[in-house]
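Hi! Here is the structure I said I would pass on to you. Have it open while you read, and my notes follow below.

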Amino acid sequence: MRILALESSAVAASACVQEDGKILSEFYMNTKQTHSQTLLPMAKTALDYAGLAVKDMDLLAVSAGPGSFTGVRIGVACIKGLAFPNNKSCCGVSTLEAMAMNLRGQQALVCAVMDARCGQVYNALFLTGEDRVQRLTEDRALSIEELTAELPAWIQGREIPLVLAGDGARLCFESPYFAGISCRMAPEHLRMQRASGVAEAARQLFLAGHGVISAERLAPIYLRLPQAQRELKKRLAQQEKQQS
């Protein structure tokens, strides 16, 4: 089974071609260039170096969120644009679960975290082991203080390390709220979101018999409203309060 996967949910962006669980090619960039400039060229290069084309893919996958609203929309739009003319099936995977896939093979309690701004992080917890990833929580948006308040209950009784992964890992690790939490950050090459993790998450969804959809059904996954909509909602609430 061949999969083309894209990841653009944060500052870093990447593209990967996977075949039956084997990474044929992967390109990764963590620069300030916009994803609209880099994502499709990386996808083309990954396919070219694998000696394949979109028509040879069995599935097109993308990190559908949570993450940067703009980044997630670009990734989803790119996959839809590749899928429609080639009549390809799609799979939108959780960005947080895709990050945990990078750490399978080691026994750990993985705390996947992304900087959600406004004092919050996007988070989910996973158990990783020999070629497995077990989800413990749903994807959610919460404050770092709320996250650290519940971590001791998940850590208790487990003789495995707590590993922080994602672009929010350092933010949490250096937070005073984490001062009393025994944890470590995943190494840089495994910490950030990568398209290879997206590809593996999509492959496992496919093997489990779910998650594969048509291009027209593929859509971003938002855990909270975009900032513009949040501000509008706040202004409307204030106006309603003043009028009452």
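**What I found**

Strands E6 and E7 (residues 120–129) are antiparallel partners, joined over nine bridges. Keep in mind that this is a predicted model. If pairing is new to you: strands of a sheet pair through backbone hydrogen bonds, either parallel or antiparallel.

Together E6 and E7 make a hairpin, with two residues between them. Cys118 sits in that turn and has a positive phi of about 55 degrees. Arg117 has Gln120 of E7 opposite it.

E6 has another partner too: E10 (residues 162–165) runs parallel to E6, and four bridges join them. Look for Val110, whose bridge partner in E10 is Val163.

So why is E6 largely enclosed by the rest of the structure? Because eight of its ten residues (108–117) are buried, where buried means under 20% relative accessible area.

Now for the other sheet I looked at. Five strands make an open sheet with mixed pairing, in the order E3-E2-E1-E4-E5. E3 (22–29) and E5 (90–94) are the edge strands, each pairing on one side only. On average, neighbouring strands here are turned by 20 degrees against each other, ignoring direction.

Within this sheet, E1 (residues 2–7) and E4 (residues 59–65) run parallel and share four bridges. Ala5 is one to click on: its bridge partner in E4 is Ala61.

H1 (residues 35–50) lies across E1, E2 and E3, running at about 25 degrees to E2.

Cheers!

How values were computed: Residues numbered from 1 in each chain as written. Predicted model: local features only at pLDDT ≥ 70, side-chain atom pairs only at ≥ 80, totals over all residues. Heavy atoms only, no water. Buried < 20%, exposed > 50% of the residue type's maximum accessible area, 1.4 Å probe, protein only. Pairing = 2+ DSSP bridges. Axes fitted to C-alpha atoms, helices over the stretch in contact; angles between N-to-C directions. Contact = heavy atoms within 4.5 Å.
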